[in-house]
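Here are my notes on this one, jotted down as numbered points. Have a look at the model first, then read on.

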Amino acid sequence: MQVLGRSVFRAWSLALMASVAACSHSAPFAGEENPGVDGPFSTTALVRLTFDAGMDRYPTFDVDNQSFWYSFQAPGRPDGDRCLATMAAAGGVRHEHCLDDNAGQTRRDAYDSPTPGPDGQLAYGRFQSLISAFFPASGALMLATTADPLNGRSLLTTPNNIGGVGFNHFGRIRWIAKDKLLVLIEDQTVVPHCIGCVKRDTVIQPYGILGGTITATGATFALIPGTNGASDFFTSAAGDSIYFTNGDLLQRLPTAGGSPVNVFTNSTGVGSVARVPGGMIFITSDGRIRLADFTAGTSVELVNRLELTALGFGAIDASSDGCRAVVEVRKSFDVTYTTDLYGLKTGKAGCTP
């Protein structure tokens, strides 16, 4: 689960319940390369960007492609909060944003999927629970600014039901205009890791994508027809189409909804996805990063998780010019796992080597 505790990775559909992070300012992160993982279109190896022992998740590039936002946690914070952070696209100092009020020290707060948008806006999911709980008690889709990310207003709360679909968590968030965004909705539950086990796995059931319109005093949301079961998505450059994952398929439909059209297929599955000009970068269910060309209908492998001795890859995002990507790399630790963020240059035409 994305909010509380830790979980064991079993498949793409299992996510974690992560206890959230410490907020002391960290020293600059020196780039650490992993030799031998260059792919056909990659001019550099994956470069490790974060180095703490906790969870670093949900990377999303800023609109200028010079930095990215993410959610982080680290050992040592008594309330276990997960905080917001920014970092330069090539790595460096982590700039942290953590809740440090007195009331916050008695509960667990988690900030997920921070997504910058037009005019300095920032959308993210905020979830709260008792410190000892396995499951978040409440959540909200928040609208703030990149200049003051922790002071925002709620656009939508969880648990909720829209269009007959119940959900308690927000996944991927994408902006399509300064007053419009798309939000992946999910249901998260916890199950025993094994018979008699205390450890819990978190199971995520994706339910579809909401279209939202922001007003001066609130927002309106509706389930987009045809997106049921989407587990990740991105939008066209113009914002008029949604591309979403469905098993081994990537499908497309108008942002208003409709009947999906198959755009791309991959025999080992299509997991987390991000748009690059003319195609996408994506994670396969067997732990590979691939770059797809929609015109040719082909893809090429950039990185294999086995070359990193990693447990697998999580969410991925790419800069709008398609030159860089940032991906969660999941590392095993006892029967749990941790995540760090790694950067990758795609090597697409027109990009600086």
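1. Let me start with Gly166. Leaving aside neighbours within four places in sequence, Gly166 is in contact with Asn160, Asn161 and Tyr207, contact meaning heavy atoms within 4.5 Å. Gly166 sits in strand S13 (residues 165–167); strands here are DSSP runs (E, at least two residues), and helices likewise (H or I, at least four), numbered from the N terminus. Gly166 counts as partly exposed because its relative accessible area is 31%; the classes are buried under 20%, exposed over 50% and partly exposed in between (1.4 Å probe, protein chains only).

2. A word on what we are looking at. This is a predicted model, in which local features need pLDDT of at least 70 and side-chain atom pairs count only at pLDDT 80 or more, while totals for chains, interfaces and linings use all residues. Residues are numbered from 1 along each chain as its sequence is written, and side-chain values use heavy atoms, with hydrogens and water left out.

3. Now the charged pairs. Taking a salt bridge as a side-chain nitrogen of Lys or Arg within 4 Å of a carboxyl oxygen of Asp or Glu, the count comes to 14. One of them joins Asp109 and Arg126, with the closest N and O atoms 3.3 Å apart. That pair links distant parts of the chain, from strand S8 (residues 108–116) for Asp109 to strand S9 (residues 121–129) for Arg126, 17 residues apart. Both Asp109 and Arg126 are buried.

4. Arg172 and Asp317 also meet in a salt bridge (3.8 Å, N to O). Here the distant parts being linked are strand S14 (residues 169–177), which holds Arg172, and strand S26 (residues 312–318), which holds Asp317, the two residues being 145 apart. Arg172 and Asp317 are both buried.

5. Then there is Arg290 with Glu301, a salt bridge whose closest N and O atoms are 3.8 Å apart. Arg290 is in strand S24 (residues 288–293) and Glu301 in strand S25 (residues 298–304), 11 residues apart.

6. Asp340 is buried, since its relative accessible area is 4%. Its side chain makes a polar contact of 2.8 Å with that of Arg48 (a pair of N or O atoms within 3.5 Å; within protein, one must be able to donate a hydrogen and the other to accept it, and residues adjacent in sequence count only if both atoms are side-chain atoms). Not counting residues up to four places away in sequence, Asp340 touches several residues, including Asp52 and Asp56. Asp52 and Asp56 are in turn linked with Arg94 and Glu96 in a network of salt bridges.

7. Last, the largest pocket: about 480 Å³ of space. A pocket here is an open set of points on a 1 Å grid over the protein atoms alone, where a 1.4 Å probe fits, with protein on both sides within 12 Å along at least five of seven lines; lining residues have an atom within 4 Å of a point. Of the 23 lining residues, the closest to the centre are Arg174, Trp175, Thr235, Arg275 and Ser320. S14 gives the most to the lining, with 4 residues.

Terms used: Grid points are joined across faces, edges and corners, and a volume is the space filled by probe spheres set on the points.
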